[in-house]
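Keep the viewer open as you read.

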Amino acid sequence: MNVKQKCAKAALAYITDETIIGLGGGSTIGYLIDFIKEEKLNVKVVTPSLKTKHLCVNQGLEVLPTSTVDEVDVAFDGCDEVDEKLHALKSGGGIHTQEKLIAKMAKEYILLVDESKVVPELTYKHPVVLEILQDSLAFVLKKVGEMDGKAEVRSSSAKDGYTVSDYGNFLVDVWFEAGWDGVQLETNLKKIPGVLDVSLFTTEVSKALVANEEGIYEISK
């Protein structure tokens with residue numbers, strides 16, 4: 001069993017039968033779906049990830065539209081970095097606005113990570129991602145520049161023009177120097193008109209299950 005599988009297996013301890021759970025994206029979540037099926041747990045799922053939704057449907061798990069749910073018993077997700085205060089940074093998927101909604105709806109929001117993702121404090125080696133209204137682009141870039149952020153509007157070689165989110169908004173990757181307090185940075189960015197949400201999670205995470213070669217340990221508040 002690899003490290004990600006160990007982490008997914010440990011997550012089962014937090015899932016009870018007949019509940020609604022939130023699932024993010026990534027390979028660890030994929031393993032968790034397999035284990036839920038193996039254990040014959042009867043859960044309903046909300047997810048911001050189309051890939052996760054397909055995996056759930058293929059395994060016979062019922063997926064609910066997020067718009068019909070106002071509370072989730074427990075949600076699981078991954079991240080690029082998490083520090084000892086449980087401040088987390090996510091970058092890749094461009095679905096952080098929906099992920100954060102589900103995190104806020106969850107009684108418990110648990111990150112599943114391997115030890116390489118854990119840092120004493122956020123390093124910002126990965127960009128902070130902003131989901132922004134298209135009309136706000138020039139203004140947001142100006143404001144981020146005033147904060148010494150290096151911004152790049154996300155695009156893809158596989159698509160002409162800028163990449164858009166599931167809601168038709170632009171995604172802007174912003175690199176910051178290390179040393180920013182995560183809470184302050186998140187607050188400052190969210191104050192900019194046109195910014196819907198950012199990929200910093202500074203208040204939502206209740207614990208992280210961390211896997212290494214020896215086993216699993218937990219960081220909690």
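How much space lies in the largest pocket? About 410 Å³, where a pocket is an open set of points on a 1 Å grid over the protein atoms alone, fitting a 1.4 Å probe and having protein on both sides within 12 Å along at least five of seven lines. The volume is the space filled by probe spheres set on those points, joined across faces, edges and corners. Before going on, note that this is a predicted model, with local features needing pLDDT of at least 70 and side-chain atom pairs counting only at pLDDT 80 or more, while totals for chains, interfaces and linings use all residues. Residues are numbered from 1 along each chain as its sequence is written, and side-chain values use heavy atoms, leaving out hydrogens and water.

The largest pocket has 25 lining residues (those with an atom within 4 Å of a point), and G25, G26, G78, C79 and K90 lie nearest its centre. Two or more lining residues come from each of α1, α2, α4 (96-105) and β7; helices are DSSP runs of H or I with at least four residues, strands are E runs of at least two, and numbering starts at the N terminus.

You'll find C79 in the loop between β4 (74-77) and β5 (81-83). Leaving aside neighbours within four places in sequence, C79 is in contact (heavy atoms within 4.5 Å) with A88, L89, K90, L111, V113 and K117.

Finally, turn to α5 (residues 137-146), whose buried residues are L137, V140 and V144. Those residues line one face of the helix, because their directions from the helix axis to the C-beta atoms fall within an arc of 65°. An α-helix has 3.6 residues a turn, so residues three or four places apart point the same way. The face turned away from the buried side carries the exposed A138 and E146. The buried residues of α5 pack against several elements, including β9 (128-132), β13 (170-175) and α6 (182-190). After α5 comes D148, with a positive phi near 65°.

Notes: Buried < 20%, exposed > 50% of the residue type's maximum accessible area, 1.4 Å probe, protein only.
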